[in-house]
Amino acid sequence: METPNNEEVQQGISFENRIDLSELQESVFKIKKELQKVIVGQKDMMDLLIVALLADGHVLIEGVPGVAKTITAKLLARTIDVGFSRIQFTPDLMPSDILGTSVFNVKTSEFEFKKGPIFSSMILIDEINRAPAKTQAALFEVMEEKQITIDGQTFQLQEPFVVLATQNPIEQEGTYRLPEAQLDRFLFKINVDYPNADEELQILLKEQALENTTKASKIETVISGAKINEFRNLVNQIKIEENLLKYIANIVVNTRTNSFLYLGASPRASIAILGASKAFAAIEGRDFVTPEDIKRATIPVLQHRVIVTPEREMEGLTSKQIIEQIIEAVEIPR
């Protein structure tokens with residue numbers, strides 16, 4: 001079957017998928033339904049977290065304290081039947097506190113490796129920018145290659161493996177800026193804003209309705225880790241036309257030639273946009289990518305991978321605004 005062109009999609013012409021995405025869509029609906037029992041608003045954050053999960057990517061969640069960054073990540077993990085670890089990053093945290101360490105066993109007179117909290121499927125790292133560079137660097141291998149090498153031994157981590165990290169952009173005391181090499185390993189950076197007045201009221205009403213129960217107790221497990229792996233295989237089969245691949249390439253190359261940016265995006269960013277746009281198409285029930293899927297993926301994929309020049313930063317220009325300008329300037333394939 002031929003992939004419908006963009007004009008056919010816009011006109012709403014019906015089509016049949018090569019891939020059955022009904023179970024994936026149903027599972028996404030169930031996950032959202034569970035999260036919405038507790039979380040008010042934050043639709044974009046929920047969508048991006050689910051897309052990252054389907055696209056096999058890690059997520060950096062940035063926002064001021066109290067806007068449901070940590071609780072959303074914890075509740076998402078609760079909807080999936082996989083192992084979960086929460087690691088609170090602090091300035092005195094050492095790499096061995098995350099990865100594990102070799103301990104001498106007196107009975108056997110041998111060293112035994114005691115696994116750290118990173119040996120799980122879903123990892124929530126709270127305030128990732130509070131740990132020094134040495135500890136942050138301990139995550140490089142595990143985030144990219146899903147493995148850990150210690151004392152000459154390599155340990156493969158079980159799929160799915162996802163790191164959800166939070167950070168506070170306001171507080172500077174006792175924090176360490178994440179290096180570009182680590183930021184590049186996050187599929188998305190999600191900026192979480194304050195709720196509006198109506199959402200604030202809904203938050204209070206839900207809090208009042210809790211009474212003696214906890215938020216987590218309201219969330220049910222709706223999907224297995226094995227099913228997530230199946231859905232990832234389906235997402236990889238989503239079709240994308242060559243002219244859309246050129247569209248992605250043109251956007252990313254434009255970040256490298258833009259005079260407002262000191263650092264452009266790497267080829268890893270192009271691959272990230274490709275994977276995320278396929279996942280966006282899948283949750284919409286389509287087995288092919290459209291330019292709109294690529295647009296939805298571009299800002300959360302690129303905004304933490306580029307650096308604004310000091311002059312433009314002083315003028316108040318953000319990476320998000322520059323990326324929006326690039327998207328507007330690049331011609332959409334027809």
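Mentor: Start with phenylalanine 280, which is in contact (heavy atoms within 4.5 Å) with Leu48, Val51, Phe188, Asp293, Arg296 and Ala297, leaving aside neighbours within four places in sequence. Keep in mind that this is a predicted model, where local features need pLDDT of at least 70, side-chain atom pairs count only at pLDDT 80 or more, and totals for chains, interfaces and linings use all residues. Residues are numbered from 1 along each chain as its sequence is written, and side-chain values use heavy atoms, with hydrogens and water left out.

Trainee: Why does phenylalanine 280 count as buried?

Mentor: Buried means under 20% relative accessible area, exposed over 50%, partly exposed in between (1.4 Å probe, protein chains only). Phenylalanine 280 has 1% relative accessibility, so the residue counts as buried.

Trainee: Which residues does phenylalanine 188 touch, not counting residues up to four places away in sequence?

Mentor: Among them are Phe280, Ala297, Pro300 and His304.

Trainee: What makes H11 roughly parallel to H13?

Mentor: The axes of H11 (residues 242-257) and H13 (residues 291-302) cross at roughly 30 degrees and come within 11 Å. Angles under 35 degrees count as roughly parallel, over 145 as roughly antiparallel, 65 to 115 as roughly perpendicular and the rest as oblique, so H11 is roughly parallel to H13. Those axes are lines fitted to C-alpha atoms, for helices over the stretch in contact, with angles from 0 to 180 degrees between N-to-C directions.

Trainee: Which residues make that contact?

Mentor: H11 gives Leu244, Tyr247, Ile248, Ile251 and Thr255, and H13 gives Pro291, Ile294, Lys295, Thr298 and Leu302.

Note on methods. Helices (H or I, at least four residues) and strands (E, at least two) are DSSP runs, numbered from the N terminus.
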